Each structure stands twice: as structure tokens, then as C-alpha cells.
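Open the structure in your viewer and keep the selection tool at hand. The tour below goes from stop to stop and says what to select at each one.

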Amino acid sequence: MTRRFENRVAVVIGGGSGMGRAICHRLAAEGAYVHVADVNGGAAKAVTEEILGHGDAAQAEEVDATSLADLMGAFIANIPLGRAAKPEEIASVVAFLASDDAAMVTGVAIPVDGGMVAK
Ligand SMILES: NC(=O)c1ccc[n+]([C@@H]2O[C@H](COP(=O)([O-])OP(=O)(O)OC[C@H]3O[C@@H](n4cnc5c(N)ncnc54)[C@H](O)[C@@H]3O)[C@@H](O)[C@H]2O)c1
């Protein structure tokens with residue numbers, strides 16, 4: 001199996017059973033750090049332990065996908081700087097890239113993600 005998802009983070013809602021569980025296993029086996037998110041926290045934990053037992057990376061999240069607060073909480077909890085970006089913080093990087101200060105910057109992506117990629 002390839003490791004094409006190395007250094008990537010996946011969040012699988014409903015990852016505690018059935019198709020979601022299979023997706024968690026597959027993405028983890030291919031190198032992703034998988035957040036196993038499920039309304040059934042015990043199921044999320046069990047799948048996470050299976051993945052860790054295979055030597056892959058995962059963490060369990062008890063999340064109700066019908067709750068925006070739960071979804072945002074799970075998302076923000078995984079940002080190393082502990083919060084989502086403000087729109088102005090995205091705009092300032094866009095302005096930098098469009099400016100002469102970035103004259104030699106080309107063909108690269110700059111993550112503005114509070115450290116998610118660096119994690
Ligand atoms: N289109 C098709 O051919 C097809 C085939 C099979 C299943 N399905 C459908 O796909 C879905 C998944 O099937 P499955 O077999 O993997 O089901 P499953 O019951 O094994 O897994 C669903 C998971 O989602 C979790 N979940 C439920 N509500 C949630 C919520 N609000 N927030 C977070 N997690 C929640 C459950 O706890 C469970 O772990 C079902 O709706 C099923 O009917 C479709």
C-alpha cells in the first residue's frame with residue numbers, strides 16, 4: 001500500500017462503524033493522521049485503538065455531526081494555535097503574495113492554517 005496521505009490530516013465523521021470505519025482504516029494505512037469522529041465516543045475510541053495497533057496514527061473525537069458547535073469544536077481543537085483564522089488574516093497573506101515583496105515567490109502554497117500542516 002502506498003503512503004500517499006503522509007503528512008495529511010483526515011477527519012472521518014461516522015468513523016466508528018461500517019463505511020466510516022473502513023475509510024478510517026484505509027486512510028490511516030496510507031499514512032494519514034485520522035480523526036475518528038463519531039457520535040458514539042466508544043466506537044470512535046475502539047476504531048482509533050485498532051488503527052494505533054497497526055502502527056498508524058489516529059485520535060478519537062466524540063462529535064455529533066448535527067451540531068455545528070460540536071463540529072467547530074472538533075475542528076478548532078486540532079488547530080495548534082487554538083483558533084480558526086480571521087478573514088483579515090487570510091486577506092493579509094493574499095496581499096503579501098500579490099505585492100512586490102513576494103516578487104520571487106511563485107508556484108508554492110502558503111498554508112494559513114494556524115499550524116495544521118506543520119503539526
Ligand atoms: N447508498 C448505498 O448503497 C448504501 C449502502 C450501505 C449503506 N448506506 C448508508 O450509508 C450510511 C452509513 O452506512 P454504514 O453501514 O457505514 O452505517 P453504520 O451504522 O455502520 O455507521 C454509521 C456511523 O455513523 C455514526 N453516526 C450516526 N449519526 C451520527 C452523528 N450525528 N454524528 C456523528 N456520527 C454519527 C454512528 O454512530 C455510526 O458509527 C447509512 O446511512 C446507510 O444507510 C448506503
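This is a predicted model: local features need pLDDT of at least 70, side-chain atom pairs count only at pLDDT 80 or more; totals for chains, interfaces and linings use all residues.

A polar contact is a pair of N or O atoms within 3.5 Å.

**Stop 1: the ligand**

Select the ligand and the residues around it. Which residues are the closest? They are Ser17, Met19, Asp38, Asp64 and Ala65, out of 13 residues that surround the ligand. By type, this shell divides into 5 nonpolar, 6 polar and 2 charged residues.

Now show the backbone of valine 39. One of its backbone N or O atoms lies 3.2 Å from a nitrogen atom of the ligand, so the pair falls within the 3.5 Å limit for a polar contact. Valine 63 also has a backbone N or O atom by a ligand nitrogen, at 3.4 Å. How much of the ligand does the protein cover? On its own the ligand has 860 Å² of accessible area, and the protein covers 39% of that.

**Stop 2: arginine 3 and its partners**

Side chains of opposite charge can pair when their charged atoms come close. The structure holds 7 salt bridges. For one group, select Arg3, Glu6 and Asp56, which are linked in a network of salt bridges.

Between the side chains of glutamate 6 and arginine 3, the N to O distance is 3.1 Å. Glutamate 6 is partly exposed, at 39% relative accessible area, and arginine 3 is partly exposed with a value of 39%. Aspartate 56 sits in the loop between helix H2 (41–53) and strand E3 (57–62). Its side chain makes a polar contact of 3.3 Å with the side chain of arginine 3. Is aspartate 56 buried or exposed? It counts as buried, because its relative accessibility is 16% and the limit for buried is under 20%.

**Stop 3: two further salt bridges**

Select arginine 21 and glutamate 50. Their closest N and O atoms are 3.1 Å apart, in a salt bridge. Arginine 21 belongs to helix H1 (residues 18–29) and glutamate 50 to helix H2, so the pair ties together parts that are 29 residues apart in sequence. Both partners are partly exposed: arginine 21 at 34% relative accessibility and glutamate 50 at 30%.

Next, select glutamate 30 and arginine 26, whose side chains meet in a salt bridge with an N to O distance of 2.5 Å. Glutamate 30 is buried, at 2% relative accessibility, whereas arginine 26 is partly exposed, at 45%.

**Stop 4: asparagine 7 and valine 9**

Go to asparagine 7, in the segment before strand E1 (9–13). Its phi is near 70°, a positive value in a residue other than glycine. Asparagine 7 is exposed, with 73% relative accessible area.

Valine 9 lies in strand E1 and is partly exposed, at 39% relative accessibility.

**Stop 5: a nonpolar patch**

Finish by selecting Ile90, Val94, Phe96, Leu97, Val105, Val108, Ile110 and Val112. Together they form a nonpolar patch on the surface, with about 610 Å² of accessible area. One of them, leucine 97, is in helix H4 (residues 87–98). Leucine 97 is partly exposed, with a relative accessible area of 37%.

Methods: Residues are numbered from 1 along each chain as its sequence is written. Side-chain values use heavy atoms; hydrogens and water are left out. Patches are made of residues with over 30% relative accessible area and no salt bridge: like charges are joined within 9 Å, nonpolar side chains (Val, Leu, Ile, Met, Phe, Trp, Tyr) within 5 Å. Accessible areas come from the Shrake-Rupley method with a 1.4 Å probe; for residues, only the protein chains shown count as cover. A salt bridge is a side-chain nitrogen of Lys or Arg within 4 Å of a carboxyl oxygen of Asp or Glu. Helices (H or I, at least four residues) and strands (E, at least two) are DSSP runs, numbered from the N terminus. Buried means under 20% relative accessible area, exposed over 50%, partly exposed in between (1.4 Å probe, protein chains only). A residue is near a molecule or strand if one of its heavy atoms lies within 4 Å of it. A polar contact is a pair of N or O atoms within 3.5 Å; within protein, one must be able to donate a hydrogen and the other to accept it, and residues adjacent in sequence count only if both atoms are side-chain atoms. Ala, Val, Leu, Ile, Met, Phe, Trp, Tyr, Cys and Pro count as nonpolar, Asp, Glu, Lys and Arg as charged, and the others, Gly among them, as polar.
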